[in-house]
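Thanks for coming, everyone. I have one structure to walk through today. Let me put it on the screen.

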Amino acid sequence: MTRLFSRVFVDHPRTVDESYFQHMRFAGWFASRLSLAAGAAAVHAVVPCLFEKTAGRMIGEMHARLTDRH
């Protein structure tokens, strides 16, 4: 049971030098930014003059933050 707990909650966060809660915070931040970027892209799809570069900029920022943490 302990190995299962470790595999599910601890092993992956350790690969990025984070605790479970640090990893949860980062993944939650990332998920919220993806949702916002998706919303901006959806609005842009309907009204092209709105949010012209928002989703791309947000994804670029997420990419930079993701690659800087390794």
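Start with helix α1: α1 gives the most to the nonpolar patch, with four residues. Before I go on, a caution: this is a predicted model.

So what is in the patch? Its members are Met1, Leu4, Phe5, Val8, Phe9, Tyr20, Phe21 and Met24. They sit on the surface, and together they have about 880 Å² of accessible area. Where does Phe5 lie? Phe5 is in helix α1.

Which helices each supply at least two residues of the patch? Two do: α1, residues 2–9, and α3, residues 20–46.

Now step back to the whole chain. The protein has four helices and zero strands. Along the sequence the pattern reads α-α-α-α. The C-alpha trace spans about 55 × 25 × 15 Å along its principal axes.

Next, the surface and the interior. The accessible surface of the protein comes to about 5400 Å². Carbon and sulfur atoms hold 65% of that surface. How much of the protein is buried? Buried residues are 17% of the 70.

Last, contacts. Take the contacts with a separation of 6 or more: 41% of them are between residues 24 or more positions apart.

To recap: four helices, zero strands, and a nonpolar surface patch to which α1 gives the most. Over to you for questions.

Key: Residues numbered from 1 in each chain as written. Predicted model: local features only at pLDDT ≥ 70, side-chain atom pairs only at ≥ 80, totals over all residues. Heavy atoms only, no water. Patch = residues over 30% accessible without salt bridge, like charges linked within 9 Å, V, L, I, M, F, W, Y side chains within 5 Å. Areas by Shrake-Rupley, 256 points an atom, 1.4 Å probe, with all protein chains shown as cover. Salt bridge = Lys/Arg side-chain N within 4 Å of Asp/Glu carboxyl O. Buried < 20%, exposed > 50% of the residue type's maximum accessible area, 1.4 Å probe, protein only. Contact = heavy atoms within 4.5 Å.
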